[in-house]
Amino acid sequence: MTSHRPAAVVIMAAGLGTRMKSATPKVLHEIGGRSLVGHAVLTARALSPEHLVVVVGNGRELVEEHLKVVDPEARTAVQEQQLGTGDAVRAGLTAVPKDFDGSVVVTSGDVPLLEAETLHDLIAEHDKHGNAVTVLTARVPDPTGYGRIVQGPDGTVAAIVEHKDATAEQRAIDEINAGIYVFDAATLRDALSRLTTDNAQGELYLTDVIGIARTDGKRVGSYVTDDEMQTEGVNDRVQLATLRAELNRRTLMRLMREGVTIVDPNTTWVDQTVQVARDVMLLPNTQLHGATTVDEGATIGPDTTLTDITVGAGATIIRTHGFSAIIGDGASVGPFAYLRPGTKLGVKGKIGTFVETKNSTIGDGAKVPHLTYAGDATIGDGANIGAGTIFANYDGVAKHPTHVGKHSFIGSNSVIVAPRTIADGAYLAAGTALTEDVGPGEIAVARGRQRNIKGWVARKRAGTKTAAAAEAALSDQPVDQPDEQA
C-alpha cells in the first residue's frame, strides 16, 4: 500500500536542554548549516502534511522567531511546563483542528539525521498493517538510556519500557525506541486523555499510549531502521559534535559520488545547504557554508572558508575567507584574500595576495593583484590596480565611491581619496595621493618633489652604524681630479 499524506506532524522541541549548558535553546544549535529544529522541520515538510506543528517551551520566543525564517507556515504550540512527552504532544494537538482525522507523525526537534525517506517507510508500514500506532525502532550495541521495545508473541509491540522503569531482563533488549511514531489520530487523542504520571519520572509518557492501545485491542507495530544514526538525538555538546561529524561525512560521500573531488575528507566541511557541481576540487582545510554554490571545474582551497559565495566555473580560490560575494568564471582569488559582502569579481578577474574587498565590483579581466584595500569601488574591465593601493572610501562620517575606468592603470602605493572618478585609459603614477578626478588618457601625479640633503646623517646621526657606513662609502668614492691644462 502506498503511504498517504499525514494529517499532521508534531515536532517536540520544548525541552530545557540543560546538558547543553548554553544560553541558546538546544534546538537552535546548528549542524550542517541548519539548526537542529530546522533539520526536523525540513524533513517533516517533505511529507507534505496537512498541519505541521512545532511544540516550543524553553526559549520559545527565540525558537518562534527562528521558525518564521525556516518555515513561516509551520505552527507553534506552547508546552508551559515540562511534564513529559505525552504532555508535549497534547499541547501540539491544540494547534490543529479538533476534528482532524488520519495519521499523526510525531518526531523530535533534536534528531537531525532523520531522513524523509525513513518517515515515508514508517508511514507505509503503518498503512500496510492498519496499525493504531507504529513505532520507529533501531538495534544498537549499547541501549543504555533508551526505552526498550518489548515484543508480543505475534511480533507486534507489546510495550515500550523506559530505561529507568525497566527490569534487568528488559534492559538486555537491544531494540530501542527512536521516539518517532505514527498514530491514528482518534487513538492518539483518546489515549492522551487517559495518561497518568504513575512512573519513575512522574511525567506523562507518550510511550504509554502503546499500552493503552494494546489494552483496547488495537494493533501496535514497529519499523526497524537499519541506519541507527538517524535515530540519534542531541543532549549535550559531545553528541552535537558527533552528529555534526557524521552529517558532514554523509554530505561529502554524496558529493564525491556526484563527481566532486575531495582531497582530504577529514578536513573538509560542507553544509547541506551548499551546492557543488561535478569536477569541482576541494583541497584540504576547506569549509563551504550557507548558500554557497560552486560551478563546474572550480578549485577551492586549501585553507579556505566561504559563506554565501557564488563561485563561477573554472575559478580558483586559494587560502581565502569570503562572505556574500560573487566570483566570476575563470577568476582567481588569493592566497590570503578577504572578500567582504558586496564583492563582485568578473570573468577571469583577479583578487590576489593580501587584498581586502568590500562592496566593490571588479570587472572582467581586471586585476587587484596584491596588498590592496578596495572598498566601495567600481573597477572597469581590464584595469590593473598596483600593489599597496588604498581606496580611501570613508571620511569618518560617510562612505564614498570610486570609479576606475576600463584598462586604466593605478600605480603602486597610491591612495585614492573618494569620491573620485578615474576615466577609461588613464594612469596614476606610483605613490600618488589622488584628490581630483582623472580624465581619459591622462596621467595623474600627486606627490612631493624629492630632495637629497647632503651630510644630513653625519650631522644628525653621528656615532651610529648608519653614519659609519655612510662615511665608509664616501671614503671609497674616487676623488674628483682637476682638469689638465692644455
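Let me begin with threonine 307, which is buried, with a relative accessible area of 19%, where buried means under 20% relative accessible area, exposed means over 50%, and partly exposed is what lies in between, all with a 1.4 Å probe and with protein chains only.

Before going on, a word about the model. What you see is a predicted model, in which local features need pLDDT of at least 70 and side-chain atom pairs count only at pLDDT 80 or more, while totals for chains, interfaces and linings use all residues. Residues are numbered from 1 along each chain as its sequence is written, and side-chain values use heavy atoms, with hydrogens and water left out.

Which residues does threonine 307 contact, once its neighbours within four places in sequence are left aside? They are His289, Thr292, Gly322, Phe323 and Ser324, and contact here means heavy atoms within 4.5 Å.

Now to leucine 47, in the loop between α1 (36–45) and β4 (51–56). Is leucine 47 buried or exposed? With a relative accessible area of 4%, leucine 47 is buried, and if we do not count residues up to four places away in sequence, it touches Arg5, Pro6, Val9, Val105, Ala116, Leu119, His120 and Ile123. Its C-alpha atom is separated by 8.8 Å from that of histidine 4, although leucine 47 and histidine 4 are 43 residues apart along the chain.

Let me turn to a helix. In α6, residues 185–192, the residues Ala185, Thr187, Leu188, Ala191 and Leu192 are buried. Seen down the axis of α6, these buried residues fall within an arc of 165°, so they line one face of the helix; the arc is that of the directions from the helix axis to the C-beta atoms. And what covers the buried residues of α6? The cover includes α3 (85–93), β6 (103–108), β7 (133–139), β10 (175–184) and α7 (208–215).

Next come the salt bridges, a salt bridge being a side-chain nitrogen of Lys or Arg within 4 Å of a carboxyl oxygen of Asp or Glu. By this rule the count comes to 16. One of them joins lysine 26 to aspartate 110, with the closest N and O atoms 2.8 Å apart, and this pair links distant parts of the chain, since lysine 26 is in the loop between β1 (8–13) and β2 (30–31) while aspartate 110 is in the loop between β6 and α4 (116–129), 84 residues apart. Lysine 26 is buried at a relative accessible area of 12%, and aspartate 110 is buried at 12%.

Aspartate 174 and arginine 139 also meet through their side chains in a salt bridge, 2.9 Å from N to O. Aspartate 174 lies in the loop between α5 (168–171) and β10, and arginine 139 lies in strand β7, so the pair ties together parts that are 35 residues apart in sequence. Here aspartate 174 is partly exposed at 33% relative accessibility, and arginine 139 is partly exposed at 44%. Elsewhere, Asp227, Glu246, Arg249 and Arg250 are linked in a network of salt bridges.

Finally, the surface and the record. Phe409, Tyr427, Ile443 and Val445 form a nonpolar patch on the surface, with about 400 Å² of accessible area together. Patches are made of residues with over 30% relative accessible area and no salt bridge, like charges being joined within 9 Å and nonpolar side chains (Val, Leu, Ile, Met, Phe, Trp, Tyr) within 5 Å, and accessible areas come from the Shrake-Rupley method with a 1.4 Å probe, where for residues only the protein chains shown count as cover.

As for the record, UniProt, in an unreviewed entry, lists His370 for "active site"; its positions are given in the numbering used here, feature names are shortened, and annotations may be inferred rather than shown by experiment. Histidine 370 is found in strand β29, residues 367–375, and at 36% relative accessibility it counts as partly exposed.

Notes:
Helix = DSSP H or I, 4+ residues; strand = E, 2+ residues; numbered from the N terminus.
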